[in-house]
Amino acid sequence: EDVTASGNQRFDLQVMDSSGCDWLNSWTKNFAALGISHLRSPMFFHPCPRDRDGLLAFARETGRCDDCIEIANCVGKSMSKHRRKKKTAKGYSVGSSSKAILEIDERDRKDYFTPSAEIFQDYCEEVVQRYSLANLVEQSQVSSIDFGYYDDFDLYGIADPGTKIFKVITTNGAIKFAKIVVLAIGAGGKPAMPRQLSAAEKDGACHSTQLSKQMFLAEHVTDRILARVPTAVVIIGGGLTSAQIANQCIVNGVRRVFLARNGGSITPRYFKKLQTHIARGSLSIHTHTTIKNQIWDNQRRSWDMETDPPIPNLPSRIDYIYYATGIQPNIHDLPFLSPLREKAPIEVIRGMPCLTQELAWAKDVPLFVAGRLAGLRIGPDCGNLEGARVGAERISWAVEEILEREQQRNRDEADDSYRRLCQRVGSVNMYESLVGESD
């Protein structure tokens with residue numbers, strides 16, 4: 001058994017990531033797979049805890065402001081006197097008792113911009129160097145997290161005997177002990193698939209979460225594009241990921257893309273891209289449409305498909321299906337948490353754990369949860385950069401309190417030990433501790 005502890009200036013810190021040994025490894029792969037050039041979050045959402053405008057300053061310092069894209073129809077544009085007069089003429093006059101509004105000089109507000117993926121990644125690297133966070137990420141996959149007493153192990157001074165700590169086991173058998181664990185695994189659940197795919201069907205379909213682990217276009221689809229054979233794919237899902245997949249398919253040469261969706265939101269930038277593809281006849285969007293029947297022909301390497309309602313002019317052969325149906329967060333889909341759930345069960349609502357205000361598993365179990373699994377406490381922003389920042393702040397404050405209590409306890413124990421030692425050698429009055437007592 002490999003029992004280890006990692007070193008850091010103030011406390012031992014180890015980051016375990018199954019996707020790689022670099023920061024933002026999964027994020028980088030996903031952005032590359034979907035061809036995402038810019039983030040959708042404004043520039044004041046970033047991982048640096050010190051400066052809200054740090055990313056904006058970084059873009060200016062490196063001369064890359066032109067790589068940022070303005071979020072249209074937001075704040076920051078000053079209102080001319082002419083536009084104010086037109087508003088007043090429509091009944092929004094200053095002093096009106098029924099329609100009085102507070103006039104705000106929009107020039108006092110900053111425009112909203114989204115950074116390019118390259119700027120954001122470079123800034124994150126700068127933050128890593130600033131706070132000496134390099135070499136903390138270890139590529140490993142956790143198979144078990146338990147919480148209890150482990151006095152039979154040599155804990156290398158990690159914890160005193162009789163103290164509950166976490167025991168983390170990886171898939172390769174390594175064992176690590178920790179006083180505090182932070183679970184930051186994104187959605188934390190299984191892909192939401194309308195139907196499970198057989199082994200053969202996986203050659204003709206995939207969930208969007210698999211795109212960072214494989215070629216974006218299947219080999220048989222690429223071969224048909226190179227042979228100038230008409231190709232057609234179907235995308236199931238309605239959110240931004242479905243729009244990104246549709247755009248990426250067309251950019252890579254797919255002739256026809258059919259997007260079956262039942263809702264979801266798309267940013268204005270990608271909506272404009274989709275409208276361009278629709279105008280050119282390479283994309284068609286079908287709302288409130290589901291797949292009624294689908295049969296994979298392994299010899300033809302294509303699908304026979306029937307939709308409800310029927311999609312007009314749907315080809316008889318569909319080369320590939322992309323499921324952009326998201327991930328349903330569910331704490332029960334994480335088998336490595338089974339030992340902890342058995343020893344310290346907490347309330348779970350539709351797969352979402354009921355955490356403390358500090359995002360801890362329980363008051364006496366310092367396992368903190370960030371990401372979408374913290375949705376009951378953080379709210380709908382839990383899965384984006386804003387929610388990540390809120391979660392990080394809550395968790396860091398809670399960890400700081402834990403460390404301060406431990407340091408104070410160590411100081412108190414040291415003082416008591418010193419006092420007892422002095423009493424034994426006679427260098428202190430054993431009754432001095434009673435000074436100030438009323439009796």
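# Close-up views of a predicted model

View 1. Leu-24 lies in the loop between strand β2 (15-17) and helix α1. Helices (H or I, at least four residues) and strands (E, at least two) are DSSP runs, numbered from the N terminus. The phi of Leu-24 is near 60°, a positive value in a residue other than glycine. Most residues other than glycine have a negative phi. As you explore, keep in mind that this is a predicted model, where local features need pLDDT of at least 70 and side-chain atom pairs count only at pLDDT 80 or more, while totals for chains, interfaces and linings use all residues. Residues are numbered from 1 along each chain as its sequence is written, and side-chain values use heavy atoms, with hydrogens and water left out.

**View 2. Helices α1 and α6.** Helix α1 (residues 25-34) packs against α6 at an angle of about 50°, and their axes are 9 Å apart. Here axes are lines fitted to C-alpha atoms, for helices over the stretch in contact, and angles run from 0 to 180 degrees between N-to-C directions. α1 and α6 are therefore oblique to each other; angles under 35 degrees count as roughly parallel, over 145 as roughly antiparallel, 65 to 115 as roughly perpendicular and the rest as oblique. From α1, Ala-32, Ala-33 and Leu-34 make the contact, and from α6, Thr-241, Gln-244, Ile-245 and Gln-248. Contact means heavy atoms within 4.5 Å. These residues divide into 4 nonpolar, 3 polar and no charged. In this count, Ala, Val, Leu, Ile, Met, Phe, Trp, Tyr, Cys and Pro are nonpolar, Asp, Glu, Lys and Arg are charged, and the others, Gly among them, are polar.

**View 3. Helices α6 and α7.** The axes of α6 (residues 240-251) and α7 (residues 268-279) come within 10 Å and cross at roughly 45°. That makes α6 oblique to α7. Leu-240, Ala-243, Gln-244, Ala-246, Asn-247 and Ile-250 in α6 meet Tyr-270, Lys-273, Leu-274 and His-277 in α7. This contact has 6 nonpolar residues, 3 polar and 1 charged.

View 4. Strand β15 (residues 290-297) pairs with β16 in the antiparallel sense over 7 bridges. Two strands pair if DSSP finds at least two bridges between them. Trp-296 has Trp-303 of β16 as its bridge partner. The hairpin has 4 residues between its strands, and Arg-301 takes a positive phi near 55° there.

**View 5. A cis peptide bond.** Asp-308 and Pro-309 are joined by a cis peptide bond, with omega about -5°. Pro-309 lies in the loop between β16 (302-308) and β17 (320-323). Most peptide bonds are trans.

**View 6. An open sheet.** In the order β9-β22-β21, 3 strands form an open sheet with mixed pairing. Its edge strands, β9 (181-183) and β21 (360-362), each pair on one side only. From one strand to the next, the twist averages 35°. β9 and β22 (residues 365-369) run parallel and are joined by 3 bridges. Val-181 stands opposite Leu-367 in β22.

**View 7. Confidence along the chain.** The chain averages a pLDDT of 86, and 82% of the residues score at least 70. pLDDT is the predictor's confidence in each residue, from 0 to 100. Over residues 104-109 the pLDDT stays under 50.
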